[in-house]
Amino acid sequence: MRSKVIRFFRRPFWSDWRTITVVYALIPVIIGILKWHKSNDTYQIYKSVFVNTLQQLPLYDFYPYLHGDCNHYGPVFFYVIAPFASLPDTWGMLLWLCFLVATFYVAVRYMPLQRWQKVFMFWFCAHEVLTPLFVEQYDLAMAASYLLMFACVERRQPVWAAFFIVLNIFIKLYGVMGLAFFFFVEDKRKFILACLGWAALFFVLPMLVSSPEYVVQQYFGWYESLVAKNAQNLAEAFNTTNTSLLGIPRKISGNTEYSDLWLIIPGILLFLSPFRRVSQYKHVAFRYAMLASATMFVTLFSTGTESYGYIAPMTGFVVWYTTAPWRRGRWALVLLVYAFIFTSLCTSDVFFPRFIWKQLLEPYALKALPTTIVWLVLIWEMNTKEYRPTPGPSL
């Protein structure tokens with residue numbers, strides 16, 4: 001089976017960069033046209049960061065035109081959305097979708113993987129790429145950032161690794177997961193100094209278009225909005241957020257009156273447990289495994305995870321499956337297929353019965369279950385397996 005998979009993704013049509021480039025170029029354009037002059041609520045939230053910063057209005061208030069939602073992104077997001085928010089909404093939204101896909105495309109191409117592994121990732125993740133695009137979500141760029149953080153560490157570019165980590169901490173906090181790669185950085189002093197330098201720059205940048213007092217006030221507002229959002233996610237058992245491992249017991253039981261620490265603390269300990277194997281750091285396969293673990297952990301242990309946030313663990317599935325230095329067996333392939341169906345295809349009316357998604361998977365956050373299983377298998381492997389390179393493909 002593994003040889004058939006490799007041969008399939010080495011066929012000229014599927015492995016030709018021109019084919020993949022055209023497909024990924026058409027995806028945002030087609031979705032943008034389908035959404036032309038239609039509701040783009042998420043994009044309006046992003047645009048509000050641009051408009052409100054220029055007018056020095058609160059970034060985290062519930063404005064009527066945001067339809068009961070509000071912004072939860074840091075002040076520096078102004079510079080990310082500015083090129084698009086300054087255009088008419090239809091064109092700005094279309095180019096925003098193109099930007100999201102472009103970041104993902106560049107990140108995968110920049111990864112120090114073999115060609116067939118990159119090709120596999122592009123096709124494996126293609127359907128899941130659609131999910132955040134239909135709601136204009138930044139999660140696609142966030143998934144790309146994890147890949148870029150890791151790629152820069154592997155390519156011995158600590159300044160750029162620090163850039164992507166700190167930028168995404170200042171945008172959505174989730175960039176903090178990139179610090180898991182700190183132990184793999186060769187020049188740690190340069191990396192730390194770069195982190196401090198980028199942090200100072202990203203803190204000051206919004207002040208250039210507003211004022212220091214305004215920006216400091218918005219950081220306090222950002223903290224308060226995140227605390228309030230987390231409390232809302234915990235209190236409402238059957239909302240569309242908290243599609244995570246944390247959400248599964250809450251949604252199944254309907255009980256919201258308990259602390260998530262009973263899951264978070266063991267989760268953190270499990271995530272950190274492979275770091276004790278210092279002798280494995282020198283093996284690139286072990287470092288790839290840590291990347292896969294980070295993409296899954298950040299999704300499983302966040303109350304803010306929604307269905308469209310699973311593009312990150314989808315990339316993690318590919319990294320987990322294809323970079324192991326041993327030959328993957330049949331059960332690993334079965335698990336990969338299961339994860340693909342019940343993480344990606346399950347949200348599609350074309351490939352999956354809608355009533356199963358609406359009545360079973362979505363209400364009980366069961367989209368998180370495949371990621372949970374793969375992550376636990378991965379943690380077991382990282383704690384027990386030898387990651388020394390061996391000849392032959394890992395499939």
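By class, 8 nonpolar, 1 polar and 2 charged residues make up the lining of the largest cavity in this predicted model (Ala, Val, Leu, Ile, Met, Phe, Trp, Tyr, Cys and Pro count as nonpolar, Asp, Glu, Lys and Arg as charged, and the others, Gly among them, as polar). The model is predicted, with local features needing pLDDT of at least 70 and side-chain atom pairs counting only at pLDDT 80 or more, while totals for chains, interfaces and linings use all residues. Residues are numbered from 1 along each chain as its sequence is written, and side-chain values use heavy atoms, with hydrogens and water left out.

A cavity is a set of points on a 1 Å grid over the protein atoms alone where a 1.4 Å probe fits but cannot get out, and its lining residues have an atom within 4 Å of a point. Grid points are joined across faces, edges and corners, and the volume is the space filled by probe spheres set on the points. By this rule there is 1 cavity of 30 Å³ or more. The largest cavity has a volume of about 40 Å³. Its lining consists of A285, A289, V319, W320, T323, A324, W326, R328, L378, E381 and Y387. At least two lining residues come from each of α14 (284-300), α15 (311-323) and α18 (368-384), helices being DSSP runs (H or I, at least four residues) numbered from the N terminus. The largest contribution is that of α15, with 3 residues.

Helix α14 also holds S293. This serine has 0% relative accessibility and therefore counts as buried (under 20% relative accessible area, with a 1.4 Å probe and protein chains only). Apart from neighbours within four places in sequence, S293 is in contact (heavy atoms within 4.5 Å) with F271, W375, L378, I379 and M382. L378 is also among the residues that line the largest cavity.

Helix α5 (residues 77-85) is largely enclosed by the rest of the structure, because 7 of its 9 residues are buried. These are F77, F78, V80, I81, A82, F84 and A85. They pack against α4 (41-55), α6 (89-110) and α9 (158-172).

A disulfide is a covalent bond between the sulfur atoms of two cysteines. With a disulfide taken as a pair of cysteine sulfur atoms within 2.5 Å, the structure holds 0 disulfides. C195 is in no disulfide, and the nearest cysteine sulfur, in C152, lies 12 Å away. C195 counts as buried because its relative accessibility is 14%. For C346, the closest cysteine sulfur is that of C125, at 14 Å, which is too far for a bond. C346, at 1% relative accessibility, likewise counts as buried.

Note on methods: Buried means under 20% relative accessible area, exposed over 50%, partly exposed in between (1.4 Å probe, protein chains only). On a 1 Å grid over the protein atoms alone, a cavity is a set of points where a 1.4 Å probe fits but cannot get out, and a pocket is an open set with protein on both sides within 12 Å along at least five of seven lines; lining residues have an atom within 4 Å of a point.
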